[in-house]
Amino acid sequence: MSDIRDYDLIVIGAGSGGVRLARMSASQGARVAVVESRYLGGTCVNVGCVPKKLFVYGSHVHDELQDAAGYGWDIPLDQVSFDWPTLVANKNKEIERLNGIYGRMLENAGVTVIEGTATLSDPNTVVVGDRSYTANHITVATGSWPVIPEIPGKEHILTSNEMFYLPRLPKQAVVWGGGYIAVEFAGILAGLGVETTLIYRGELFLRGFDEDVRRFARQEMEKKGINLRFGVNIDSVENQGAEYVLHLNNGETLNTGLVMAATGRRALVDGLGLEALGVELNKSGHVVVDDHFQTAVPSITALGDVIGTPQLTPVAIAQAMVLSRRLFGDGQGEVDYSVIPTAVFCQPNIGTVGLSEEEARKEGRKLRVYRSEFRPMKYTLSGRDERCLMKLIVDDESDKVLGAHMVGSDAGEIIQGLAVAIKAGATKAQFDATIGIHPTSAEEFVTMREPVA
């Protein structure tokens, strides 16, 4: 049968998960094609993780220049200027370089890249333009897309997609939302000198994170001059010349030069024709799959953001490795969604892995909670009023460390190492027996001795 069809596998979507699946499957002898309508590398490379972190780096330079005075550097800040188009152009150059790397990786693996928009005409046929391609297996890895709420004036609202190519920075901006993307872009804009307001309908942003982390991040972001407006929502947006007027649900109005919505993302399945073939979508619009990424149609699988698992690039890559082995390898392996480390690149950064205190208590565990808050050594000379939070959640009965949380510089870098220890089942006694690296902020995780709760 495999000799009759054009490919053993067609992957729809060349994001991180799709590319990894294609490459690994081809390395096991499968004939593979990838269909992509926009750009190689998907959201992460083009309008997500990579350009976002480059913008975060750029927006933090002003703080570094201010701190330099405490270390003897005479930098007249009134003579320092920032050029947004330069940052965007240099970011674009780096993304183009990465696009080329992805293309070469696929080519070297023997994967055929088909440019265009895919539609499934039957369980084994993908139509792109006026051509049809057949395969034994089809994997949907199309990712997700930003959602703007249906309010009057939504056409004036930007998403993160457009922010990466913004021609000029406004003097004022409003970021609408309370998740990763909202707090990250609020920090980016504020760091680049934009008067920034974050509006979120809930009581506090970053729902699902440890409560201490959420409160501490709020405290530190307010020190950066970001105006945080909680418990309020946007009813409509009106364009008035060079400005926009936001009508809020509490009766207030707010004038601004830019409105960005970071109010969620939806599975990008438009036009694929999945439901007509019997592929089930759930209430949130994600593709329904089993633990092996199998849909209700035997020849069709799906992975990544489109199936509603944690929307993180490493998760999609892990899923791709498992699915490739299932389709063309030994069929072994599963994705373990427990103890997934993550970082929020707000300023200062958040890094977290394992259970929050609230999650652990909800499980009925008896806990020991260790928490430390301090001014990092770097700011003792600069005088910057920025503090760091570190927290460990420990199961009192087993002494296992259930979670580690941090708000502070390089939190993601530090938490990645702790994730290995927690995944391996390390105990608090083993943390205590580990000799710290001095002087670092990270050593605080192995020197906290007295529980606070």
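This is a predicted model: local features need pLDDT of at least 70, side-chain atom pairs count only at pLDDT 80 or more; totals for chains, interfaces and linings use all residues.
The expected span of a helix is 1.5 Å times one less than its number of residues.

**The whole chain**

Begin with the entire chain displayed as a cartoon. The chain has 12 helices and 21 strands. Its radius of gyration is 24 Å, close to the 22 Å given by the globule rule for 453 residues, so the chain is as compact as a globular protein of that length. Along the principal axes, the C-alpha atoms fill a box of roughly 70 × 65 × 45 Å. Colouring by accessibility will show that buried residues make up 49% of the 453 residues. Of the contacts with a separation of 6 or more, 63% are between residues 24 or more positions apart.

**Helix 4**

Next, select residues 84–108, which form helix 4. An α-helix has 3.6 residues a turn, so residues three or four places apart point the same way.

Move on to the open sheet formed by 5 strands in the order 17-18-21-20-19, with antiparallel pairing. Strand 17 (342–344) and strand 19 (367–374) stand at the edges; each has a single partner strand, so one side of each is left without a neighbour in the sheet. Direction ignored, neighbouring strands here are turned by 10° against each other on average.

Select helix 11 (residues 411–423), which packs on this sheet and touches strand 17, strand 18 and strand 21. The direction of helix 11 makes about 175° with that of strand 21.

On strand 21, the residue opposite glycine 351 is methionine 406. Strand 18 (residues 350–354) and strand 21 (residues 401–407) pair in the antiparallel sense over 5 bridges. Select glycine 354 as well, and glycine 403 of strand 21 will be found opposite. Strand 18 is mostly covered, with 4 of its 5 residues buried.

**Aspartate 210**

Finally, centre the view on aspartate 210, in the loop between strand 9 (195–200) and helix 7 (211–223). Is aspartate 210 buried or exposed? Its relative accessibility is 1%. Because buried means under 20% relative accessible area, aspartate 210 counts as buried.

Display the polar contacts of its side chain. The side chain of aspartate 210 makes one with the side chain of lysine 391, at 2.9 Å. A polar atom of the aspartate 210 side chain also lies 2.9 Å from the backbone nitrogen of aspartate 212. To complete the surroundings, select Ser356, Glu357, Glu358, Lys391, Ile393 and His405, which aspartate 210 touches when residues up to four places away in sequence are not counted.

Key:
Residues are numbered from 1 along each chain as its sequence is written. Side-chain values use heavy atoms; hydrogens and water are left out. Helices (H or I, at least four residues) and strands (E, at least two) are DSSP runs, numbered from the N terminus. Two strands pair if DSSP finds at least two bridges between them. Axes are lines fitted to C-alpha atoms, for helices over the stretch in contact, and angles run from 0 to 180 degrees between N-to-C directions. Contact means heavy atoms within 4.5 Å. Buried means under 20% relative accessible area, exposed over 50%, partly exposed in between (1.4 Å probe, protein chains only). A polar contact is a pair of N or O atoms within 3.5 Å; within protein, one must be able to donate a hydrogen and the other to accept it, and residues adjacent in sequence count only if both atoms are side-chain atoms. The radius of gyration is taken over C-alpha atoms; the globule rule is 2.2 Å times the number of residues to the power 0.38.
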